[in-house]
6 protein chains.
Amino acid sequence: MNGFSHFNEQGRAQMVDISEKSSTVRTAAAVSSVHMKNEVYEKIQSHDIGKGDVLAVAQVAGIMAAKQTSNIIPMCHPLSLSGVDISFDWKIKEAEVILHIKAQVKTKGSTGVEMEALTSASVCALTVYDMCKALDKGMVIGPTFLLEKTGGKNGDFKRELSEYNLEDQK
Amino acid sequence: MNGFSHFNEQGRAQMVDISEKSSTVRTAAAVSSVHMKNEVYEKIQSHDIGKGDVLAVAQVAGIMAAKQTSNIIPMCHPLSLSGVDISFDWKIKEAEVILHIKAQVKTKGSTGVEMEALTSASVCALTVYDMCKALDKGMVIGPTFLLEKTGGKNGDFKRELSEYNLEDQK
Amino acid sequence: MNGFSHFNEQGRAQMVDISEKSSTVRTAAAVSSVHMKNEVYEKIQSHDIGKGDVLAVAQVAGIMAAKQTSNIIPMCHPLSLSGVDISFDWKIKEAEVILHIKAQVKTKGSTGVEMEALTSASVCALTVYDMCKALDKGMVIGPTFLLEKTGGKNGDFKRELSEYNLEDQK
Amino acid sequence: MNGFSHFNEQGRAQMVDISEKSSTVRTAAAVSSVHMKNEVYEKIQSHDIGKGDVLAVAQVAGIMAAKQTSNIIPMCHPLSLSGVDISFDWKIKEAEVILHIKAQVKTKGSTGVEMEALTSASVCALTVYDMCKALDKGMVIGPTFLLEKTGGKNGDFKRELSEYNLEDQK
Amino acid sequence: MNGFSHFNEQGRAQMVDISEKSSTVRTAAAVSSVHMKNEVYEKIQSHDIGKGDVLAVAQVAGIMAAKQTSNIIPMCHPLSLSGVDISFDWKIKEAEVILHIKAQVKTKGSTGVEMEALTSASVCALTVYDMCKALDKGMVIGPTFLLEKTGGKNGDFKRELSEYNLEDQK
Amino acid sequence: MNGFSHFNEQGRAQMVDISEKSSTVRTAAAVSSVHMKNEVYEKIQSHDIGKGDVLAVAQVAGIMAAKQTSNIIPMCHPLSLSGVDISFDWKIKEAEVILHIKAQVKTKGSTGVEMEALTSASVCALTVYDMCKALDKGMVIGPTFLLEKTGGKNGDFKRELSEYNLEDQK
């Protein structure tokens, strides 16, 4: 065994057998972000007072993407997700505004939901970009990373934000 | 008109009418990246000598995702893509190794392919994470951004890498 | 709690957590209908004597749609359906003919299958419309509603057909 | 030829050949509705003042469903939709409140978009049901029907609302 | 260029650029087959006299699969199919009965529809297997191959059935 | 009961109720093959020494198809697959080279995974065809059949390769 769990004896990728793993409650939280100009932020905000809502569309996209994860990521196991929640947080800086996106996913199953949380946060960010790109194509997405996971025999994971200088990222 | 092209008169999101836009050749290139420990990089590389190949799977995922973009991003128009190409570039630093991912998409159609390129690069990076996460859950994805686009009446876009301190990002 | 189960603390939609709900057998039955001219009915029927069959195609569509429900309805949980059955009933009136469609869905899971039954009946009706629309674009679909559900802690539901004047609707 | 365009020589269903049809701008508008108790209406409305919005989610669902129509309706041709717009209208009556849903779809292609408009309106209504069903499972969807279409050699269609007593339906 | 059109400069797979290819009418026909015991054949046939129909379901599956081809085959271009037709032919032999399946696909586009025809015929055969497997799990599918194609600059293709001893296969 | 498990009382297809079946570990293995000219084989092999790899793409396609089986085969139950593995074997003959494909699928569920294994092997073979068809459109796919299955109350199945003259097929 070489540490990679996705390759079979012929050195080829496989969707690894998890039928021996026990079915337990598992959670994961991932974050992404969209860096935009103040001008874009203000348009999103002022629009939000009316009925339209960039974040509302982005969040629906993120939730639907979480359910599609095993169709998007080739070696990812299909899972019956029991819950998905996405929340937003604005950080206003001098030169730019950062929209922080946090996706939390829960399942009762035989494998973790890290990929569902990461895919959900990524698609949510991509949708914000799509809806605002007429104003600014220069927006930047990410960094995107796993914040924490619980459940499963490998133990919990909690990100050290000092690593990679991510303290600033949520 | 308030600059947002995705909202209708009721202030609600819509998939905007592009039937008046002319069908021309359009291209877009987007980049993403995966930041990993040296140890993960070495495992990917040494495995590559055998038949298995993390990047091969990630790249298939990226190409398939480009074709699914309008099903993943709610207000994105369906487009018959005429070509998708993904390339990789490794940057070995002291503390970490960065895998740079570039997705190039081409169409002959009535709207641009920025979202297809961004979605393709994002899913490619997510797949690399998925295949290596047994080694390190702390890998970081992104920044993900549009590098350039051509075609369409709004003119071409070429990223200024100095903005956002992205010189280092390909 | 405001009675809506699909909104999170930020007042945004979420896919609610059902990991605490017990996995039991649950069923739901929904009905829809297609109102058509006698002429359309007769063409469907006479064709049915041959090998082609409008209802056969519509019914396959309804069954496949039941399985796609969580990809179509944003906040709907993915469920491993254990059975789907669609049946038809013709009611011939003076001015029109009504095709009644009943979709029954069963699962062993943590949430109900009302949406699967409603989506299945709706798509079945839409497919009948699609296959006959060359004859008459004026056909009318519905009303579409839940007939009954069993299983789950909220108790069973059985429609009072007197409400909304639906006695006539199956 | 027997008037059905979806059956081949063996009397079986087929996706009919449209390669001879010319590519023109085509539009279709379809309507559906959700009949609910006053109590549900009030909860939707008061919530709308906050950030959550039943209609926002329903409308995203309707737009995404329009793009999926050819995957949901078996004999429906795939089409590159150029625009989708959904609007809402409330009618408050004594005994109930009716939410009217109108889906408008546009394409530049070789066949009409009636099914895309009907599917979009139906899925929008189903999503409203899903999001409010914790309050009332007795809501009724429909009638759902084509309001008008333009483009294509068969000429335009405009519904006579007097037929089927639909004057009241928008 | 090494004869493979699906690999890029890094030796990796890509979805090749077809934006220079002209949009013309293209057709392809592919065949598959299901080899079954007489007993299975008789059950299918006698059932056909009633309203149920194994072939009706299989044929809907084949048509829907043709439309999904570019989502199933990674490097396959998305195409707006203009027509799909599936026909069946029974050959009764002493030891077994062969169901021949022919899928014909047509498009007006920039690349051929060989994969759509082959995928359609394959899925049609798989569905026949699925619906009869309770009677006999030993049924055999195929050979599956391209019968002919027309359109495109590489010229037409017509199978020599003498090759591979396929005279017997339709 | 007439031996067909997919038809309801109206003689129409249904997705049969499996809620009474127990959830056990079930496996299935299916095989397919691609018959090609020596020239195609040599190109695949020599390329394999570089980084591109026809089989790598085909295998990803096969694994992703296994997860999509219930969306492709109409009466097939959705299942949470716990593992998928695809392996290849070359047989070099005088007149042709045969690529044997074996797909193994595992689940812990209420119904078997024969269709998942057969669909996976079929799509893997179709993808090999797609990637090499620029060299030879005359390649032949199959025979495709079930090799063995375990689990479930109907007992195990192991193919007699003497039947249908399949000794030569793996």
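**Helices, cis prolines and annotated sites in a predicted model**

Helix 2 (residues 54-72) of chain E spans only 24 Å between its end C-alpha atoms, whereas a straight helix of 19 residues would span 27 Å at 1.5 Å a residue. The expected span of a helix is taken as 1.5 Å times one less than its number of residues, and helices (H or I, at least four residues) and strands (E, at least two) are DSSP runs, numbered from the N terminus. The model is a predicted one, in which local features need pLDDT of at least 70 and side-chain atom pairs count only at pLDDT 80 or more, while totals for chains, interfaces and linings use all residues. Residues are numbered from 1 along each chain as its sequence is written, chains are lettered from A and ligands numbered from 1 in the order in which they are written, and side-chain values use heavy atoms, leaving out hydrogens and water.

Helix 2 of chain E also has a kink of about 45 degrees, centred on E:Ala66; the bend at a residue is the angle between axes fitted to the seven residues ending there and the seven starting there. This helix is mostly covered, with 17 of its 19 residues buried (buried means under 20% relative accessible area, exposed over 50%, partly exposed in between, with a 1.4 Å probe and protein chains only). At its N-terminal end, helix 2 of chain E is capped by E:Asp53, a side-chain oxygen of which lies 3.1 Å from the backbone nitrogen of E:Leu55.

Helix 3 of chain F is largely enclosed by the rest of the structure, because 19 of its 19 residues are buried.

In chain E, helix 3 (residues 114-132) contains E:Glu114, which is buried at a relative accessible area of 3%. The side chain of E:Glu114 makes a polar contact with the side chain of F:Lys137 (3.3 Å). A polar contact is a pair of N or O atoms within 3.5 Å; within protein, one must be able to donate a hydrogen and the other to accept it, and residues adjacent in sequence count only if both atoms are side-chain atoms. Residues touched by E:Glu114 include E:Ala28, E:Leu146 and F:Lys133, where contact means heavy atoms within 4.5 Å.

Cis peptide bonds come next. One joins D:Gly142 and D:Pro143, with omega about 10 degrees, and another joins E:Gly142 and E:Pro143, with omega about 5 degrees. E:Pro143 sits in the loop between strand 4 (140-141) and strand 5 (145-150) of chain E.

Turning to chain A, the UniProt annotation "active site" covers A:Asp130; UniProt positions are given in the numbering used here, feature names are shortened, and annotations may be inferred rather than shown by experiment. A:Asp130 lies in helix 3 (residues 114-132) of chain A and is buried, with a relative accessible area of 2%. UniProt also places the feature "binding site" at A:Met75, A:Cys76, A:His77, A:Met115 and A:Glu116. Although spread over 42 residues of sequence, these positions cluster in space, the largest C-alpha distance being 12.5 Å. A:Met75 is in the loop between helix 2 (54-72) and strand 2 (81-92) of chain A and counts as buried at 1% relative accessibility. A:Glu116, in helix 3 of chain A, is buried too, at 3%.

Terms used
Lists of a residue's contacts leave out its neighbours within four places in sequence.
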